[in-house]
Amino acid sequence: MVQDKSIGERLWAIAIWALVIFFIVNVIATIAAVAVDSFGTRWFNSWLPVAFTTHWYKSAWDEFQLRDVLIVTFEVVGAVVLLSGLLGVPAAYALARRNFPGKPLIIVLFLLPMMIPPITFGIPLATVLYQAHLGGNMSGVILANLVPTVPFVVLVMIPFIEQIDPRIEAAARVFGAGTGRLFMHVLVPLLTPGILAALLLVLVRTIAMFELTFFTAGPDSQTLVVTLYYAVGSAGVRSNQSIDAMAVIYMITTLVWLLLALKFVDPTQIVTRVKREAAH
Amino acid sequence: MTDRAIGAAAPERPPLRIRLALRDLDGVTLLAVPAVLFVLALFVYPFLYGLILSFEPKAGGWLANYRKFFSEPFLYDTVWTTFRLAVPATLINVFLSIPVAMRVRRLQRRRVLTTILVVPITLGTVLIAEGLLTYLGPQGWFNRTLALFGIGQVRLVHNYMGVMLSLIMSGFPFTFLLTLSYVTGIDPSLEQAASTLGAPPRARFWHIIMPLLAQGLAINLCLSFVQTFSVFPSAVLLGAPAGETRVISIAAYQAAYEQYDYSMASAVAMIMGFAQLFVILLILAGRNLLYRGAVGGGKG
C-alpha cells in the first residue's frame, strides 16, 4: 500500500527487521541450547559438546520417575479438558443465545480469572483447597487448574455459538427435540471445530500451567512442569544434562499439542481472545 | 384467571415463568449456572476468604499483617523490586511491539512469524528460564558470540538482567501478537485517505494510527504489566531470589509454604493484587488524559 521512500525510513525498516531477527535467533538458540545439552556427553568451554549420547534420557526417565509424572500430567490434563468442556460449553450457549439482565456482570465474572495472574489468586485458592482437604492431591490440582480454563472455554465458545443460525435450533425444537437432544444431535456436531480448538488450547495451557499446580500439588500429584521447576531449582544436585533431557520431553509434549491446535486456530487468537471480549 | 387466589394477588400479571422468559431467563439460561457457581466457589470465594483471612493475623490486631509488611524492609522492599522489573519490562515489550507490528502487518505470510512467536508463550516461563540458564551462562553461546567480537564476559544469569531478559523473551511475543491484532483491525482506508491528502508516514502514524490504537494499547499495557508484576519461576531460577530479584510473589510464597502463615501470605497476595489494580487504574486514567473521543475503526 505505502512504499518506503526516504533513506531514513528505509534504515528504520532495516532496524526493525534486524530487531525481529535478533529476537527470533535468541529464542531459537535458547531452545536449541536445551536440546543440544540433553544429547551431549560433556559440554564445557566449547561451542558444542565433546560427543553425543542419548543416555541422559534414560537417566532422566529413572531419576525423575517420569513415567509416573507423565501419567499424573495426562490424568490432570484429561480431567481439566473434559470438565472445562462440560462446564464451559453449556454456559457459553446460554450466554450466546440469551440476553438476560446481569449478563455483562457474568461476562466480567468470567473475564477476571483469565486476566488476574494465577500467582495473585493462587495462594488464597490453595488455602481454601487445603482447608477443604483438597490440597496436595490430584483433585485439588484439577480444581485449581479449572479456575482459568472454564472461563476460557466460555469466552472462546461464545462467538462460535453466535455464528450458528438460531433457526436450525428452532427447527429442531419444532420437531420436538428437548435441550438435551438439541445439544447431542444439532449443536455438538456443528460446534465440533470450535470445541476442539478451545479444548486443545486448554490442553496446551494446562500442561504449561506452572503456578496453580505448584501451589496445590503434593508429592504424588506433580505435573511435568512442576517437576521440571524443582529439578532446575536443584541444579547443583542433579546433572544438568538429565534436567535438559526432561525439558526436551516437556517441550515435545507441549509442542505436539500446540501444532495440532494451530490446525484449528490462528496463532494470534491464542492471545487476542481476552481482548475481543474485553473490548465489549 | 381460574384460580381466585392467584387472580386476586396479581390480577393482570402473567405467571412467573412467562415473566422470566420474557426477560430471557428460562431453561437455557440455567445452563450457565454450573459454570457461574464454579467461578463463584473457586475464584470469588477464595479471594474474599483471603481478604478476610489477611485481617485475622496469627498475633496482634487486625492490621498486624499489613503493619508488619510495611515496617520490615525485607518485606516492603519486594514491592519496589517488583516494580523495578515489571515497569521497564512492560514498557520495552509494549513500545517495541508497535513499530514491529506496523511492519509485520504488511507482510503477506504473517503466519510463519506468528507461529514462531507463539512457541515461547506456549513453553512457559520455567522452560525459558532453564534454556536461558544455559544459553546466557558464562560458557553459553551468547557469551561465546560476544567473545568473537572481542567483548568480555557479561554476567547475565542469577541477577536482575537474567530475569529482565526472560520477561522480555516470554512477554514480548504476547504483547506483539496483541498489538498486531489491534493494528490489523484498523481500517487501511483511513490511512489511505490521509495519504491522499498528503500526510507523510510520520503524521499518519501519530494522527491516525495512535489515536485508534490508544484503547488497545492501554489494555495491552494493563495485561503485560499484570503478568510481569507476578513474575515467579524466572525470578527464582534465573535471578537472585534472596537479593536483587526478591519479588513480591517470592515473599507471598515464603509466607505460605515456608512459614505456614496463611494469614500473612493472604495479606501479601492482597497487597500484590492492589498494586496491580492501582497501576491498571493509573494506565486507564492516563489513556483518558491523552485521548478522549470515539474509538472507531477497530474491528474489536
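In chain B, 74% of the contacts with a separation of 6 or more are between residues 24 or more positions apart, a contact being a pair with heavy atoms within 4.5 Å. In chain A the corresponding share is 72%. The model is a predicted one, in which local features need pLDDT of at least 70 and side-chain atom pairs count only at pLDDT 80 or more, while totals for chains, interfaces and linings use all residues. Residues are numbered from 1 along each chain as its sequence is written, chains are lettered from A and ligands numbered from 1 in the order in which they are written, and side-chain values use heavy atoms, with hydrogens and water left out.

Chain B has 13 helices and zero strands; chain A has 12 helices and zero strands. Helices (H or I, at least four residues) and strands (E, at least two) are DSSP runs, numbered from the N terminus. Of the 300 residues of chain B, 51% count as buried, and of the 280 residues of chain A, 56% do. Buried stands for under 20% relative accessible area, exposed for over 50%, and partly exposed for what lies in between, with a 1.4 Å probe and protein chains only.

The C-alpha trace of chain B spans about 100 × 70 × 35 Å along its principal axes.

One helix pair joins the two chains. Two packed helices are described by the angle between their axes and the distance between the axes. Helix α1 (residues 7-39) of chain A packs against helix α6 (residues 110-135) of chain B at an angle of about 55 degrees, with the axes 8 Å apart. The axes are lines fitted to C-alpha atoms, for helices over the stretch in contact, and the angles run from 0 to 180 degrees between N-to-C directions. α1(A) and α6(B) are therefore oblique to each other: angles under 35 degrees count as roughly parallel, over 145 as roughly antiparallel, 65 to 115 as roughly perpendicular, and the rest as oblique. The crossing of α1(A) past α6(B) is left-handed, a term for a near helix turned anticlockwise from the far one by less than a right angle, with right-handed used if clockwise.

On the α1(A) side of this contact are residues including Val20(A), Phe23(A), Ile24(A) and Val27(A), and they meet a set in α6(B) that includes Leu113(B), Ile116(B), Leu117(B) and Tyr135(B). By class, the contact of α1(A) with α6(B) has 17 nonpolar, four polar and one charged residues. Here Ala, Val, Leu, Ile, Met, Phe, Trp, Tyr, Cys and Pro count as nonpolar, Asp, Glu, Lys and Arg as charged, and the others, Gly among them, as polar.

Within chain A, helix α10 (residues 224-233) and helix α11 (residues 240-262) pack at about 155 degrees, with their axes 10 Å apart. That angle makes α10(A) roughly antiparallel to α11(A). Among the residues in contact are Leu224(A), Leu228(A) and Val232(A) of α10(A), and Ile243(A), Met246(A) and Tyr250(A) of α11(A). The contact of α10(A) with α11(A) has 10 nonpolar, two polar and no charged residues.

α10(A) is mostly covered, with eight of its 10 residues buried. Its buried residues include Val226(A), Thr227(A) and Tyr229(A). The cover includes α3, α8 (179-208), α9 (211-216) and α11 of chain A, together with α6 and α11 (233-237) of chain B.

Val69(A) lies in helix α3 (residues 66-97) of chain A and counts as buried at 9% relative accessibility. Leaving out residues up to four places away in sequence, Val69(A) touches Phe64(A), Gln222(A), Thr223(A), Leu224(A) and Thr227(A). Val69(A) and Val226(A) are 157 residues apart in sequence, and 9.6 Å apart in space from C-alpha to C-alpha.

Two loop residues remain. Most residues other than glycine have a negative phi, and most peptide bonds are trans. Gln65(A), in the loop between α2 (55-63) and α3 of chain A, has a positive phi near 50 degrees. Gln65(A) is exposed, with a relative accessible area of 51%. Tyr260(B) sits in the loop between α12 (248-257) and α13 (262-290) of chain B; its phi is near 55 degrees, also positive. Tyr260(B) is exposed, at 54% relative accessible area.
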